[in-house]
Amino acid sequence: MFVEFRVSTHSRTEFVDITPQVQQAVRDSQVKEGICQIWVPHTTAGVTINENADPSVVRDILMELNKVIPFEDNYQHLEGNSAAHIKSSLVGCTLNVIIHEGRLMLGTWQGIFFCEFDGPRSRKVWLKIVQG
Ligand code: ZN
């Protein structure tokens, strides 16, 4: 089953917890055992799993990514968003999560985050939910 949903971002760089949307799509699919592949079809965004209990964790991750990869650094790419492309490649654009008994198998503190690196924008997330 294929699912697309949209994420609106409000800052230049931002992590958005998309765990509820992904879990809802798995519920709607009625797949009890399988894999949910999450795909972000953008070159200046990404997807990652980290702690969603304390929001300062992803704020710290973002702060350090923005330090390590500065917005301006004599980049050659004329669009002016090379930092976002680099962050996208570092973080990655896809994840697989196990589905067991109809639920995403995430650790207690784990959440799925859409990673905006060149916002604000309206973005897409694709899911492929496979039984198996
Ligand atoms: Zn670009």
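This is a predicted model: local features need pLDDT of at least 70, side-chain atom pairs count only at pLDDT 80 or more; totals for chains, interfaces and linings use all residues.
Me: Let's start with H2. How far apart are its end C-alpha atoms, and why does that agree with its length?
Reply: They sit 18 Å apart. H2 runs over residues 56–68, and at 1.5 Å a residue its 13 residues should span 18 Å, so the two values agree.

Me: OK, which residues of H2 are buried?
Reply: Val58, Leu62, Leu65 and Asn66. Looking down the axis of H2, you find the buried residues within an arc of 95°, so they line one face of the helix.

Me: And which ones are exposed on the other side?
Reply: Lys67 and Val68.

Me: What does the buried side of H2 pack against?
Reply: Strands S2 (14–17), S4 (45–51) and S7 (110–116), plus helix H3 (82–91).

Me: What about the backbone just after H3?
Reply: Gly92 is there, with a positive phi of about 95°.

Me: Switching to cores. Which residues touch the most other members in the largest nonpolar one?
Reply: That core has 23 residues, and Ile18, Val22, Cys36, Ile38, Ile112 and Leu127 touch the most other members. The elements giving two or more residues to this core are strand S1 (2–8), helix H1 (19–29), strand S3 (34–39), S4, strand S5 (94–100), S7 and S8.

Me: Zoom in on Cys36. What is Cys36 in contact with?
Reply: Skipping neighbours within four places in sequence, Cys36 contacts Val22, Val26, Leu95, Asn96, Val97, Ile99, Leu104, Leu127, Lys128 and Ile129.

Me: New topic: Arg123. Where is Arg123, and is it buried or exposed?
Reply: Arg123 is in strand S8, residues 122–131. Its relative accessibility is 2%, and buried means under 20%, so Arg123 counts as buried.

Me: What does the side chain of Arg123 make a polar contact with?
Reply: The side chain of Thr44, at 3.0 Å.

Me: What else does Arg123 touch?
Reply: Not counting residues up to four places away in sequence, Arg123 touches Phe5, Arg6, Val7, His42, Ala45, Phe114, Glu116 and Asp118, as well as Thr44.

Conventions: Residues are numbered from 1 along each chain as its sequence is written. Side-chain values use heavy atoms; hydrogens and water are left out. Helices (H or I, at least four residues) and strands (E, at least two) are DSSP runs, numbered from the N terminus. The expected span of a helix is 1.5 Å times one less than its number of residues. Buried means under 20% relative accessible area, exposed over 50%, partly exposed in between (1.4 Å probe, protein chains only). The arc is that of the directions from the helix axis to the C-beta atoms. Contact means heavy atoms within 4.5 Å. A polar contact is a pair of N or O atoms within 3.5 Å; within protein, one must be able to donate a hydrogen and the other to accept it, and residues adjacent in sequence count only if both atoms are side-chain atoms. A nonpolar core is a set of buried Ala, Val, Leu, Ile, Met, Phe, Trp, Tyr and Cys residues joined through side-chain atoms within 4.5 Å.
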